[in-house]
Amino acid sequence: MSAADRDRVARVVVADDQAVVREGIVMLLGLLPAIEVVGAARDGEEAVALTAELGPDVVLMDLRMPRCDGVEATRRIRERHPGTEVVVLTTYADDDSLFPALRAGARGYLTKDAGGEEIERAVRDVIDGRAGLSPAVQRRLLERLMDRDGPDGPDVQVAPDDRGGQSDQSERRGQSDRRDPNDRGGRSDRGVAGDDGLTERETEVLVLVADGLSNTEIAKRLRISTATVKTHINNLFAKTGVRDRAQAVRYAYQHGLVRPPGKRVT
């Protein structure tokens with residue numbers, strides 16, 4: 001993606017059946033320089049029609065609407081207009097709302113307590129090919145991943161979060177372990193180097209990935225650069241044979257580096 005693509009204003013349609021909420025979201029987004037609201041829909045039918053007419057980059061989609069709900073509208077938009085991404089913006093974060101929306105093709109999912117900055121980040125993430133998920137939704141997906149039996153995990157496909165522009169191929173290859181001057185090593189309080197060949201720092205990064213942290217958040221937590229975090233992730237992907245962050249999370253749980261909430265390794 002070129003710098004021009006990254007810097008351009010995102011064109012957004014807002015879909016919500018409640019006028020006060022819809023107008024409030026439009027007003028909030030109007031304060032963000034990186035987003036232009038090009039249309040507002042009162043239900044899923046209007047959201048599909050406006051997408052066809054305006055060709056927005058993203059639709060911010062409520063779920064529970066009359067005539068055509070957000071899940072069905074998302075399915076139609078993704079089938080008919082694959083160039084438009086959908087970010088759900090709803091009051092509900094229960095499984096009956098979350099997983100149908102993701103299966104329908106939504107790449108982002110936020111609850112309505114999200115602030116303007118979080119909405120803007122989710123919009124930019126889905127445009128850039130990443131998943132725009134709130135931390136609470138990421139945690140629920142991880143819990144669901146570990147709750148399901150069988151080798152294939154949950155039947156929802158979510159793009160890896162905060163990949164930093166790296167392709168799947170580059171993250172599988174692994175790179176030399178170039179250390180940042182601020183990366184002084186250190187041990188994780190939950191993971192140590194093992195037979196998989198991970199260093200203590202790589203294990204520590206893996207644990208934080210399993211906790212749902214993005215590359216930027218990991219860098220802040222460990223006081224290293226995001227470039228160093230990406231290098232550690234490249235290396236641990238190569239050593240463990242995982243392809244993406246979801247598989248890395250599964251690996252961390254299966255090898256006892258982290259456990260379901262309430263059963264943490266200490």
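Predicted model: local features only at pLDDT ≥ 70, side-chain atom pairs only at ≥ 80, totals over all residues.

User: Why is Asp62 called buried?

Analyst: Buried means under 20% relative accessible area, exposed means over 50%, and partly exposed is in between (1.4 Å probe, protein chains only). Asp62 has 5% relative accessibility, so it counts as buried. You'll find Asp62 in the loop between β3 (58-61) and α4 (70-80); helices (H or I, at least four residues) and strands (E, at least two) are DSSP runs, numbered from the N terminus.

User: What is Asp62 in contact with, leaving aside its neighbours within four places in sequence?

Analyst: Contact means heavy atoms within 4.5 Å. On that basis, the partners of Asp62 beyond those neighbours include Ala15, Asp16, Leu89 and Lys112.

User: What makes Arg67 exposed?

Analyst: Arg67 has a relative accessible area of 64%, so it goes down as exposed. Arg67 also sits in the loop between β3 and α4, and its phi is near 65 degrees, a positive value in a residue other than glycine.

User: How do you know that the buried residues of α10 line one face?

Analyst: In α10 (residues 215-222), the buried ones are Asn215, Ile218, Ala219 and Leu222. Seen down the helix axis, they fall within an arc of 100 degrees, so they line one face. That arc is taken from the directions from the helix axis to the C-beta atoms. The face turned away from the buried side carries Lys220 and Arg221, both exposed.

User: Why are α10 and α11 called roughly perpendicular?

Analyst: Their packing angle is about 110 degrees, with the axes 8 Å apart. Axes are lines fitted to C-alpha atoms, for helices over the stretch in contact, and angles run from 0 to 180 degrees between N-to-C directions. Under 35 degrees counts as roughly parallel, over 145 as roughly antiparallel, 65 to 115 as roughly perpendicular, and the rest as oblique. So α10 and α11 are roughly perpendicular to each other. Among the residues making this contact are Ile218 of α10 and Val229 of α11.

Key
Residues numbered from 1 in each chain as written. Heavy atoms only, no water.
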